[in-house]
Amino acid sequence: QVQLVESGGGLVQAGGSLRLSCAASGRAFSTYNMGWFRQAPGKEREFVARISKTGGITYYADSVKGRFTISRDNAKNTVSLQMYSLKPEDTAVYYCAASWAVVTTKGDVDYWGKGTLVTVSS
């Protein structure tokens with residue numbers, strides 16, 4: 001079983017930055033596509049960013065493009081999300097996700113982390 005553990009969430013002022021990390025257990029981390037999703041209070045969980053198995057291809061939701069950067073280190077079994085120019089609407093629980101298929105929607109995800117809360121104050 002694959003276990004994903006997020007860290008790095010917290011409280012930040014609008015315009016600030018934050019870096020989230022996800023540590024994955026188990027072997028063959030590089031065989032998974034990885035991604036980040038988020039869920040704001042009262043809303044559906046939504047796609048934020050994805051990265052291919054070797055890190056060569058990334059894709060972002062329009063709402064975060066240009067502000068967030070996803071990366072992975074297969075030697076350390078980690079994936080990160082660097083967030084800049086944070087806005088109050090970025091406030092949500094952020095979830096690390098792993099899948100055999102390309103991560104596009106929550107339906108593609110095979111494994112989820114427990115989430116880490118990001119709160120952006122105005």
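Contact here means heavy atoms within 4.5 Å. The model is predicted, so local features need pLDDT of at least 70 and side-chain atom pairs count only at pLDDT 80 or more, while totals for chains, interfaces and linings use all residues. Residues are numbered from 1 along each chain as its sequence is written, and side-chain values use heavy atoms, with hydrogens and water left out.

Select R67, in the loop between β6 (58-60) and β7 (68-73); strands are DSSP runs of E, at least two residues, numbered from the N terminus. R67 is buried at 11% relative accessible area (buried: under 20%, 1.4 Å probe, protein chains only). Beyond four places in sequence, R67 touches Q82, M83, Y84, S85, L86, K87 and D90. With D90 there is a side-chain to side-chain polar contact at 2.8 Å (N or O atoms within 3.5 Å, one able to donate a hydrogen and the other to accept it).

Next, select M34, W36, L81, M83 and Y94, the residues with the most contacts inside the largest nonpolar core, which has 35 residues. Such a core is a set of buried Ala, Val, Leu, Ile, Met, Phe, Trp, Tyr and Cys residues joined through side-chain atoms within 4.5 Å. Strand β9 gives the largest share, five residues. Around Y94, contacts include W36, F68, L81 and M83.

Finally, select C22 and C96, joined by a disulfide with S to S 2.1 Å (cut-off: sulfur atoms within 2.5 Å). The pair links β3 and β9, so it ties together parts 74 residues apart in sequence. Both C22 and C96 are buried. The S-S torsion is about -85°, so this disulfide is left-handed.

Note on methods:
Helix = DSSP H or I, 4+ residues; strand = E, 2+ residues; numbered from the N terminus. Buried < 20%, exposed > 50% of the residue type's maximum accessible area, 1.4 Å probe, protein only.
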